[in-house]
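Me: I have a model open and want to go through the side chains. Can you take me through it?

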Amino acid sequence: MREEYMKLDKAEMGIWECCELLNEIVDESDPDLDEPQIQHLLQSAEAIRKDYPNEDWLHLTALIHDLGKILVLPKFGGLPQWAVVGDTFPVGCAFDESNVHHKYFKENPDFNNPKHNTRNGVYIEGCGLDNVLMSWGHDDYMYMVAKENGTTLPSAGLFIVRYHSFYPLHKYGAYSQFMNEEDKENFKWLKVFNKYDLYSKSKVLVDVEKVKPYYESLIAKYFPAKLKW
C-alpha cells in the first residue's frame with residue numbers, strides 16, 4: 001500500500017479543497033458523528049484554538065488530521081472503510097491484547113510466526129516509532145502526503161497526524177517500549193490533542209465561511225498552495 005500511495009499520483013489539490021472533499025464521507029467506525037467530516041475537523045480545531053490560542057500549528061494539525069480518509073473515495077483507490085479508518089497497530093511483533101477485537105488476530109499468519117509473535121518481534125526497544133511499521137490507514141497516508149509535499153509543521157504535528165488512531169498506545173501504553181526520546185516529547189502533544197479529537201464532536205455546527213480565512217492563512221504558512229496526493 002505504501003509503495004502504491006507513495007507515488008502521489010492520484011490528484012493535485014490544496015488542503016482546503018481536500019477538507020471539502022472529505023464532506024462526502026461519513027466514517028462508519030465513528031459511533032457519535034452524523035455530521036460531515038469537515039464539521040468534526042473544525043470542531044476539533046476551534047476547541048483547541050480556544051484553549052491553546054498561541055499554538056497555531058496545533059489548530060492546523062486538528063484541521064488536517066483526518067484528511068487521509070479520502071482513501072475511501074473512488075479517485076483515491078476506493079479502499080473499504082476497514083482498511084482506512086479505525087485503530088492502527090504495529091506489525092512485525094506480537095499483537096498486544098489491548099488491540100481492538102484481539103481474538104481475530106489469531107487468524108493472522110503472523111500470530112504463529114516466531115519471527116513476528118514475540119513482544120519486540122523484528123524491532124529493538126527504543127528504536128523509535130518512525131522505525132516501526134504500522135498497519136495501513138488514513139493516519140499514515142496523510143503523514144506521507146504532508147511530509148513528501150514539504151510541510152513545515154513541527155514534528156509534534158506530524159506525530160499527531162501519524163499516530164492519532166494508535167489507541168493501544170494512547171489508552172493502554174502498549175508498544176511504548178519502541179518509543180525514543182523524541183516520541184515521548186511528541187506524545188505529550190498527542191495526549192492533549194486526543195481530548196479534543198474524541199470529545200469536541202457536538203451538535204453545534206461551526207460556521208465554515210466565518211473561520212475559513214483563518215485556516216487558509218495557516219495552510220499558507222505551513223503548506224504549499226497545491227499538494228500531490
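Reply: First a term: buried means under 20% relative accessible area, exposed over 50% and partly exposed in between, with a 1.4 Å probe and protein chains only. The model is predicted, so local features need pLDDT of at least 70 and side-chain atom pairs count only at pLDDT 80 or more, while totals for chains, interfaces and linings use all residues. Residues are numbered from 1 along each chain as its sequence is written, and side-chain values use heavy atoms, with hydrogens and water left out.

Me: OK. Is H164 buried or exposed?
Reply: H164 counts as buried, at 1% relative accessibility. H164 sits in the loop between α6 and α7 (167-172); helices here are DSSP runs of H or I with at least four residues, strands are runs of E with at least two, and both are numbered from the N terminus.

Me: What does the H164 side chain make a polar contact with?
Reply: The side chain of D66, at 3.0 Å. A polar contact is a pair of N or O atoms within 3.5 Å; within protein, one must be able to donate a hydrogen and the other to accept it, and residues adjacent in sequence count only if both atoms are side-chain atoms.

Me: And where is D66?
Reply: D66 is in the loop between α4 and α5, and is buried with a relative accessible area of 3%. The D66 side chain also makes a polar contact with the side chain of H138, at 3.0 Å.

Me: Which residues does D66 touch, leaving aside neighbours within four places in sequence?
Reply: L22, Q37, H40, L41, H138 and H164, where contact means heavy atoms within 4.5 Å. D197 is 131 residues from D66 in sequence and 10.0 Å away in space, C-alpha to C-alpha.

Me: Which residue's backbone oxygen does the H138 side chain reach?
Reply: That of V84, at 2.8 Å. H138 lies in helix α5 and is buried, with a relative accessible area of 3%. Leaving aside neighbours within four places in sequence, the contacts of H138 include H65, D66 and H164.

Me: What does UniProt list as "binding site"?
Reply: The unreviewed UniProt entry lists H40, H65, D66, H138, H164 and D197. UniProt positions are given in the numbering used here, feature names are shortened, and annotations may be inferred rather than shown by experiment.

Me: Switching topic: how many residues of α6 are buried?
Reply: Eight of the nine in α6 (residues 155-163), so the helix is largely enclosed by the rest of the structure. Among the buried ones are F159, R162 and Y163.

Me: How many aromatic pairs are there?
Reply: Rings of Phe, Tyr and Trp (its six-membered ring) pair if their centres lie within 6.5 Å; planes under 30 degrees apart count as stacked, over 60 as edge-to-face and the rest as tilted. By this rule there are 14 aromatic pairs. Y5 and W136 form a stacked one, at 5.5 Å centre to centre with 20° between the planes.

Me: Which residue lies over the face of Y5?
Reply: K10, at 4.9 Å from the ring centre. A charge sits over a ring if NZ of Lys or CZ of Arg is within 6 Å of the ring centre and within 35 degrees of the ring normal. R49 lies over the face of Y214, at 3.7 Å from the ring centre.
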